[in-house]
Amino acid sequence: MSSPMARRLGACAGIIAVATSLAPILAAGTAAADTTTAQATAAASGETGQAANRFDGVDWTAVVAQALDCPKPKPNDTWYVVRARVAAVGDLTGDGRRETVVVSSCPSPTSSNPLIAFVYDGASKRSAPRLIGELGKNRYFKSQKVTIQNGRVHLRGQAVSDRAPNCCPDLVVRQTYKWNGTQFRRTSEKVSRIS
């Protein structure tokens, strides 16, 4: 008959063996969950890490900062940080090259400024991306999801109407844009109130 100590050691060895065999599965599940959470958080906040901003070897934050044309900050304005995220990539001009859609807005010390979807030409040099469109400027988007489908750009997000304070979106806006050979044209817009 085995002693209580031997039984405990045997039980511990069994637990360790099971834990060791499950470790790769659990680790994979945790990594996937963490990645999904990080992506969801970035999408919701409109922010991404430095690595994501260097998508395809381009520092999109620096590129978009030029396109935003924001008011110049004072020397001690620590709140002035441009944030950008690559929201979608796909051929929008029909030339077989993938355009990049980057979402950003001017920094603000108080309420956030409206989000704009900047489209950069896939045929331009990576060292000098060429801006070919600024989408969603007719609405005060507070959040913006961008998808590309059948050569069209689709924007969906919450927006602020003229009757609402900047803090509180009261609309859901869906827009579609299509390249016409020289510029993007809005082909549809659907607006509904947030109840």
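Author: A salt bridge is a side-chain nitrogen of Lys or Arg within 4 Å of a carboxyl oxygen of Asp or Glu. Keep that in mind as we look at this predicted model.

Reader: What makes glutamate 134 and lysine 137 a salt bridge?
Author: Their closest N and O atoms are 3.0 Å apart. The cut-off is 4 Å, so the pair counts.

Reader: Why is lysine 137 called exposed?
Author: Lysine 137 has a relative accessible area of 54%, and exposed means over 50%. Glutamate 134, at 31%, is partly exposed.

Reader: How many salt bridges turn up in the whole structure?
Author: Four. One of them joins arginine 130 and aspartate 121, at 2.6 Å from N to O.

Reader: Is aspartate 121 buried or exposed?
Author: Buried: its relative accessible area is 7%, and the limit is under 20%.

Reader: What does the salt bridge between glutamate 189 and arginine 139 tie together?
Author: Glutamate 189 sits in strand β9, while arginine 139 is in the loop between β4 and β5, so the pair links parts that are 50 residues apart in sequence. The N to O distance is 3.1 Å.

Reader: Why are β1 and β4 called edge strands?
Author: The open sheet runs β1-β2-β3-β4, and β1 and β4 each pair on one side only.

Reader: How do you know that β1 and β2 pair?
Author: They share six bridges, in the antiparallel sense. Pairing needs at least two, so they qualify.

Methods: Residues are numbered from 1 along each chain as its sequence is written. This is a predicted model: local features need pLDDT of at least 70, side-chain atom pairs count only at pLDDT 80 or more; totals for chains, interfaces and linings use all residues. Side-chain values use heavy atoms; hydrogens and water are left out. Helices (H or I, at least four residues) and strands (E, at least two) are DSSP runs, numbered from the N terminus. Buried means under 20% relative accessible area, exposed over 50%, partly exposed in between (1.4 Å probe, protein chains only).
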